[in-house]
Amino acid sequence: MKNNDILIIGGGIAGMTAGIYAKKSGMQATILEMHENPGGQLTAWERNGYLFDYCLHWLVGTDHGTYHDIWRETNAITDDVQIINHRTYAKMVDEKHGEFIVYNNLDEWEEYLINLAPEDKKSIEKMCRLMRKGNRLDQFENPPGMRSVLDYFSSFLHIGSFFPILIKYGKRNCQELLEELGFNNQRLLYFLNRLFVGRDFSAISFIVMFGWFHAKNAGYLLGGSSAMTRRMAEKFSSLGGQFRFKSKVTEIVVENDTAIGVKLENDEIIYADHVIGACDGHTLLFDMLKGNYLDDKIKKAYADWPLFTPIVMVSFGINDVIESENHITSYFKEGLSIGSTKIESYNIMNRSSYDPAFAPEGKTVLLCQFESPWSHWENLEATAYPDEKEAIRKDTVNLLEKHYPGITEKIEVIDIATPLTTARYTGVWQGSYEGFLPTLDITNELPMKLPRLKNFTMIGQWLYPGGGLPPSAQSGKWAIKMLCEEKKLAFKSV
Ligand SMILES: Cc1cc2nc3c(=O)[nH]c(=O)nc-3n(C[C@H](O)[C@H](O)[C@H](O)COP(=O)(O)OP(=O)(O)OC[C@H]3O[C@@H](n4cnc5c(N)ncnc54)[C@H](O)[C@@H]3O)c2cc1C
């Protein structure tokens with residue numbers, strides 16, 4: 001055992017970020033990853049010349065703020081990365097209510113909404129005003145426990161006029177926000193409800209998200225998930241960090257309430273000064289630590305907090321150039337099923353409409369995505385799985401044919417990733433791709449440290465309702481800041 005050796009379980013964005021800052025700050029860092037590739041959910045896979053991207057749609061911090069600093073410091077964003085800010089968030093198409101467009105620029109959206117519902121002009125203007133201010137919300141540079149009075153003061157100054165909004169709506173959900181805004185136009189209300197209320201999101205996450213889009217601070221990185229992962233993995237390796245792939249951790253080795261290393265699937269034990277858990281939170285707490293170090297909040301979170309419903313992603317490689325007005329179209333229809341999942345909506349995304357990385361020239365990648373509850377897959381007999389995938393294939397081809405007549409004969413490749421695929425490849429509990437839903441107060445985070453367990457830190461999407469790449473990465477940076485303070489080392493970000 002050497003001084004300042006750290007082991008990081010999981011090579012997703014949280015693990016890679018922690019690894020990069022650990023190396024910059026002079027520690028030895030090894031990432032143990034159960035697969036042969038880094039990235040975790042930030043991934044894409046190749047099939048017959050097409051690249052099917054699983055994750056990256058938008059990244060908070062593409063332009064400024066503390067998240068932006070992290071992307072720059074970890075090479076997630078370099079000078080030569082092109083950033084795309086889509087004009088629209090999505091187009092929604094409903095069989096009864098027609099079409100509705102959600103623009104990312106709030107001036108454009110405001111004008112569109114007022115045209116659609118002039119009687120709600122005041123409410124629309126108020127909603128857009130709240131959202132414009134949402135961009136002022138930034139994250140703390142330092143983790144909880146390391147923040148000074150000055151940190152709070154400068155954060156207060158930075159938030160400025162958004163502060164009263166944060167206080168007022170911090171503990172309300174979108175339903176309450178919409179009720180307060182008092183829209184009258186039924187069509188407008190229908191779509192706004194569809195956009196967020198159905199998912200019971202917190203009002204602040206809704207307000208802030210559009211603030212980020214408006215400020216062009218939540219763009220898309222050309223090249224997508226695999227290119228972003230590659231840049232970060234190369235940064236970690238170039239700093240001397242070690243990846244150990246095909247190294248599945250089964251247990252955190254603990255002595256006298258101190259983490260002293262990990263045990264792998266093949267019974268190998270690797271010792272370390274400090275262990276960072278950057279994999280699925282449930283596996284970490286309930287399997288690797290056998291449920292031994294839980295406080296009441298953690299117990300309640302994993303027992304009661306609602307999770308994101310997992311998704312099925314069907315990727316199509318099309319031997320033609322398909323033009324789409326919007327990169328994402330969400331279709332809403334009653335009484336629809338795909339395979340044996342009853343659904344209310346599905347998305348069709350034209351990935352090639354904005355990124356040439358996904359298909360060879362003259363070809364297109366389209367994705368069809370829908371939610372499918374974990375219970376549906378958990379209880380599916382192994383023998384029924386191929387039949388379910390075949391039914392999904394047929395149904396999604398029919399949907400595609402409906403939207404793009406004549407496309408069926410141009411389909412060269414179909415790839416179906418189910419919630420079981422997500423769970424198998426990333427270990428994510430119940431296939432919940434962003435962890436807990438942001439239904440609660442968004443400051444309601446889980447702790448990075450466990451009661452009584454020394455030399456152990458937890459990072460990644462499961463600490464923050466809403467999950468996503470930015471907070472997962474930030475927890476990686478914070479873990480190393482905390483460790484540097486503990487070990488009296490200088491934290492280095494460059
Ligand atoms: C379809 C989809 C779309 C998304 N879109 C976006 C988006 O546009 N923007 C955004 O910000 N976020 C998005 N997200 C969410 C984001 O991808 C995740 O929140 C984030 O990647 C989580 O990172 P993580 O490092 O915490 O966990 P993971 O990415 O889950 O990484 C955990 C790693 O640990 C490894 N591991 C697990 N168990 C073990 C073990 N026992 N031993 C060793 N290794 C282990 C896994 O293989 C994995 O590599 C999306 C997610 C999905 C699935």
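## Domains, ligand shell and local features of a predicted model

The chain is assigned domain 1 (5–46 + 56–80 + 223–306 + 434–487), domain 2 (105–215) and domain 3 (311–429), with bounds taken from an automatic or database domain assignment. Residues are numbered from 1 along each chain as its sequence is written. The model is predicted: local features need pLDDT of at least 70, side-chain atom pairs count only at pLDDT 80 or more, and totals for chains, interfaces and linings use all residues.

**Domain 1 against domain 2**

Taken over C-alpha atoms, the centres of domain 1 and domain 2 are 29 Å apart. Contact between them involves 18 residues of domain 1 and 17 residues of domain 2, two residues being in contact if their C-beta atoms, placed from the backbone, lie within 7 Å. On the domain 1 side, α2 (66–73) and α16 each supply at least two residues. Helix α16 gives the most to that side, with five residues. Helices (H or I, at least four residues) and strands (E, at least two) are DSSP runs, numbered from the N terminus. By class, the domain 1 side that touches domain 2 has nine nonpolar, five polar and four charged residues. Here Ala, Val, Leu, Ile, Met, Phe, Trp, Tyr, Cys and Pro count as nonpolar, Asp, Glu, Lys and Arg as charged, and the others, Gly among them, as polar.

**The ligand shell**

There are 39 residues around the ligand, and Gly10, Gly12, Gly40, Tyr433 and Gly460 come nearest. A residue is near a molecule if its C-beta atom, placed from the backbone, lies within 6 Å of it. The shell divides into 19 nonpolar, 16 polar and four charged residues. Domain 1 and domain 3 each contribute at least three residues to the shell. Among the helices, α1 (13–24) and α16 each supply at least two.

**Helix α4**

Helix α4 (residues 121–134) has 14 residues and spans 20 Å from its first C-alpha to its last, close to the 20 Å expected at 1.5 Å a residue; the expected span is 1.5 Å times one less than the number of residues. Its buried residues are Ser123, Ile124, Met127, Cys128, Leu130, Met131, Lys133 and Gly134. A residue is buried if 20 or more other C-beta atoms lie within 10 Å of its own, exposed if 12 or fewer, and partly exposed in between, with C-beta atoms placed from the backbone. The cover over the buried residues of α4 includes α3 (106–116), α6 (163–169), α7 (174–181) and α9 (203–214).

**Strands, loops and positive phi**

Strand β11 (residues 249–255) runs antiparallel to β12 and is joined to it by six bridges; two strands pair if DSSP finds at least two bridges between them. Valine 249 has leucine 264 in β12 as its bridge partner. The two strands β11 and β12 form a hairpin with two residues between them, and asparagine 256 in the turn has a positive phi.

| Residue | Phi |
|---|---|
| Asparagine 256 | about 50 degrees |
| Aspartate 267 | about 75 degrees |
| Lysine 488 | about 55 degrees |

Aspartate 267 lies in the loop between β12 (258–264) and β13 (269–271). It counts as exposed because 8 other C-beta atoms are within 10 Å. Lysine 488 is in the segment after α16 (469–487), and is exposed because 6 other C-beta atoms are within 10 Å.

Glycine 49 is placed in the loop between β3 (44–47) and β4 (50–53). With 11 C-beta neighbours inside 10 Å, glycine 49 is exposed. Its C-alpha atom is 6.9 Å from that of alanine 359, 310 residues apart along the chain.
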